[in-house]
Amino acid sequence: MPERPVRRRLVRMLGSLPLIADFARRLEIQKTIEKECPSRGNAHLTHAQVALTILANRLTQPKAMDHLLAWAKKWAVRETFGIDPDRLNDDRIARCLDALAEKIDPIQGAVTVAAVREFDLDLSQLHWDLTSVVLQGEYPPEEQDPEHPQPRRGFGGEEGCKQLRVGEWVTADGAVPLWHESLDGNRADVGTVGATMEAVKKEVPLPECLVIGDTKLLSAEVLPKLRDQRLHFLAPLPKAAELDREFLSLNPDGWQPLDYVAQRQEKLPPEERTQYLGQEVPWEWTHPKTGEKQVFRRLYVISSEERETCRKVRGQQWVRAATELNKVLAGVGKGRLKTREQVQARVEKLLAERRVQPFFRVLVREEAGLPLLEWEVDGEAITAAERLDGYYCLLTRWPKEQADASALLRRWKGEWQIERRFSDWKGPLKVRPVFVTRNKRMAALVLLLHLALMLYCLLEREARRALARRGQQKVRRLLAGHVDAVPTGENLLLAFEHLFLFIEEEEHGREYHVSEMFPEQEELWKLLGCQMPAWG
């Protein structure tokens with residue numbers, strides 16, 4: 001047979017776009033945005049199409065908004081999402097972000113509901129924390145929308161840069177982001193969780209659930225809000241003298257071993273693993289508005305690893321401080337140590353820098369017009385400090401019937417998952433730095449980054465669940481084509497990095513061919529149960 005006349009052959013990067021398109025369809029992202037942010041009937045691109053393009057870019061080859069057009073032309077965006085890349089100019093992207101900014105909560109709420117329904121997410125345990133998103137530029141306050149989070153300088157950012165604060169709710173089931181909220185850049189962690197949970201409950205039906213956070217979760221103003229919403233909580237209490245006194249008063253015979261082994265220590269012999277001891281005491285709390293009394297659980301925990309670390313660090317600092325005090329002693333009366341005040345200031349500074357002030361008795365006096373320095377170690381103070389080493393106190397309202405002391409510790413130790421997701425956000429998805437110039441558009445961009453992170457985490461969760469059904473944990477030859485590895489969102493997306501779409505233009509239309517998959521890619525494709533898009 002004669003060969004068909006082909007007018008032009010095109011090659012587009014395909015990569016993981018089919019995976020992204022399939023999971024985005026299951027999450028109903030395009031459907032939700034089209035409903036909440038309808039475009040004009042004569043629009044060349046809908047807001048949903050632009051949003052999907054930004055999301056796909058973040059999951060494949062993250063670029064700044066002004067480079068999105070060039071990326072879309074090289075990749076099979078037109079063929080996968082039905083989008084004309086030439087329409088992705090700065091103005092079109094800006095109008096999309098403006099539209100999304102007005103519907104952030106309804107959009108993320110509907111997508112979350114779809115995720116729970118489609119992927120059977122368990123919402124019975126949620127983790128909360130905040131992170132910072134660094135911005136580039138001055139962002140004059142008078143140019144920002146007062147209805148949206150304000151760029152500010154604050155904790156956790158970079159020197160000289162403004163930022164936004166972003167809070168995330170993450171499920172214990174697969175560490176999947178459930179909800180996010182953008183906040184002013186100088187917003188403290190304390191007090192943010194109550195209002196955010198109210199917003200979540202307006203959009204997402206929540207079962208009885210346990211909220212887990214760090215020491216900033218349980219402030220005096222947040223605790224009543226959590227109880228008003230009938231939410232259970234679990235978090236460590238900040239260090240306080242009252243807790244120290246109660247800890248020291250506990251019955252020495254009341255400590256019980258807690259059944260918890262960190263994943264990194266599972267292969268170690270039992271004697272080399274961190275040992276945990278726990279002791280519970282009831283704590284009565286009075287609601288500041290209603291006067292209602294409730295009994296919470298205080299779980300005191302002693303970690304052998306943390307205790308050992310505290311003592312090791314204190315010992316190192318003590319030795320360094322002693323060495324530096326001897327140097328001061330040798331230099332008294334010389335250089336900048338000629339007066340009592342100069343010696344006193346130098347001693348106070350070095351003890352403060354080493355954080356060992358309570359462990360030294362220091363006397364600086366004058367004799368015959370010359371300063372004299374005397375110092376000694378306060379052994380009693382060191383012994384008293386050692387008695388408090390390695391303990392922390394968890395506070396919860398979760399009933400004993402549903403979680404004993406060991407179960408509480410295991411649940412709280414899952415807090416690392418949200419830190420890992422922030423790392424994914426700032427690493428593979430490159431959430432920062434952000435160059436968008438208006439805070440309203442920043443908030444919309446953070447929404448899309450949140451949805452991208454949700455899709456990224458669901459890919460990882462589905463792969464691991466599929467492997468577990470086979471009794472496996474690793475994917476064969478996942479890394480570098482020859483190393484078996486546990487699937488993560490990052491290595492799953494990279495596994496399809498060199499997949500291409502070949503397009504042959506003929507007189508009567510186009511034909512599409514996907515480059516041949518390696519056996520490892522075919523196995524992943526089956527594992528994730530994805531569908532290839534209908535090209536064109």
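**Thr 274**

I looked up Thr 274 and found it buried, at 7% relative accessible area. I use buried for under 20% relative accessible area, exposed for over 50% and partly exposed for in between, with a 1.4 Å probe and protein chains only. Thr 274 sits in the loop between β7 (256-257) and β8 (276-286). Helices here are DSSP runs of H or I with at least four residues, strands are runs of E with at least two, and both are numbered from the N terminus. I then listed the contacts of Thr 274, leaving aside neighbours within four places in sequence: Gln 265, Ser 303, Ser 304 and Glu 305. Contact means heavy atoms within 4.5 Å.

**Ground rules**

I am working on a predicted model, where local features need pLDDT of at least 70, side-chain atom pairs count only at pLDDT 80 or more, and totals for chains, interfaces and linings use all residues. Residues are numbered from 1 along each chain as its sequence is written, and side-chain values use heavy atoms, with hydrogens and water left out.

**Whole protein**

I counted secondary structure next: the protein has 18 helices and 16 strands. The C-alpha trace spans about 110 × 60 × 55 Å along its principal axes. Of the 536 residues, 49% are buried. I also checked contact range. Taking contacts between residues at least 6 apart in sequence, 70% join residues at least 24 apart.

**Helix pair α11 and α12**

How do the axes of α11 and α12 cross? Helix α11 (residues 304-331) and helix α12 (residues 340-354) have axes that come within 10 Å and cross at roughly 165°. That makes α11 roughly antiparallel to α12. The axes are lines fitted to C-alpha atoms, for helices over the stretch in contact, with angles from 0 to 180 degrees between N-to-C directions. My classes are roughly parallel under 35 degrees, roughly antiparallel over 145, roughly perpendicular from 65 to 115, and oblique for the rest. The crossing of α11 past α12 is right-handed.

On the α11 side I noted Gln 317, Arg 320, Ala 321, Glu 324, Leu 325 and Val 328. They meet Val 343, Arg 346, Val 347, Leu 350, Leu 351, Glu 353 and Arg 354 of α12. By class, this contact has 7 nonpolar, 1 polar and 5 charged residues. Ala, Val, Leu, Ile, Met, Phe, Trp, Tyr, Cys and Pro count as nonpolar; Asp, Glu, Lys and Arg as charged; the others, Gly among them, as polar.

**Helix pair α2 and α7**

The axes of α2 (residues 29-36) and α7 (residues 104-119) come within 10 Å and cross at roughly 150°. This crossing is right-handed. From α2, the contact takes in Ile 29, Thr 32, Ile 33 and Glu 36; from α7, it takes in Pro 106, Ile 107, Ala 110 and Val 111. I sorted the residues of this contact into 6 nonpolar, 1 polar and 1 charged.

**Positive phi**

I checked two residues other than glycine. Arg 355 has a positive phi, near 55°. Arg 355 lies in the loop between α12 and β10 (360-367). At 72% relative accessibility, Arg 355 is exposed. Ala 368 also has a positive phi, near 60°. Its place is the loop between β10 and β11 (370-377). Ala 368 is exposed too, at 79%.

Arg 420 belongs to helix α15 (residues 416-426). I get 22% relative accessible area for Arg 420, which is partly exposed. Not counting residues up to four places away in sequence, Arg 420 touches Glu 460, Arg 464 and Thr 488. The C-alpha atoms of Arg 420 and Ala 175 are 8.7 Å apart, although 245 residues separate the two along the chain.

Gly 379 is in helix α13 (residues 379-386). Gly 379 is partly exposed, at 39%. Its C-alpha atom is 8.5 Å from that of Phe 360, 19 residues away along the chain.

**Cysteines**

How many disulfides does the rule give? I found 0 disulfides, with the rule being a pair of cysteine sulfur atoms within 2.5 Å. For Cys 209, the closest cysteine sulfur is in Cys 457, 19 Å away and too far for a bond. Cys 457 is in no disulfide, and its nearest cysteine sulfur, that of Cys 530, is 16 Å away. Cys 209 is buried at 1%. Cys 457 is buried at 0%.

How values were computed:
A crossing is left-handed if the near helix is turned anticlockwise from the far one by less than a right angle, and right-handed if clockwise.
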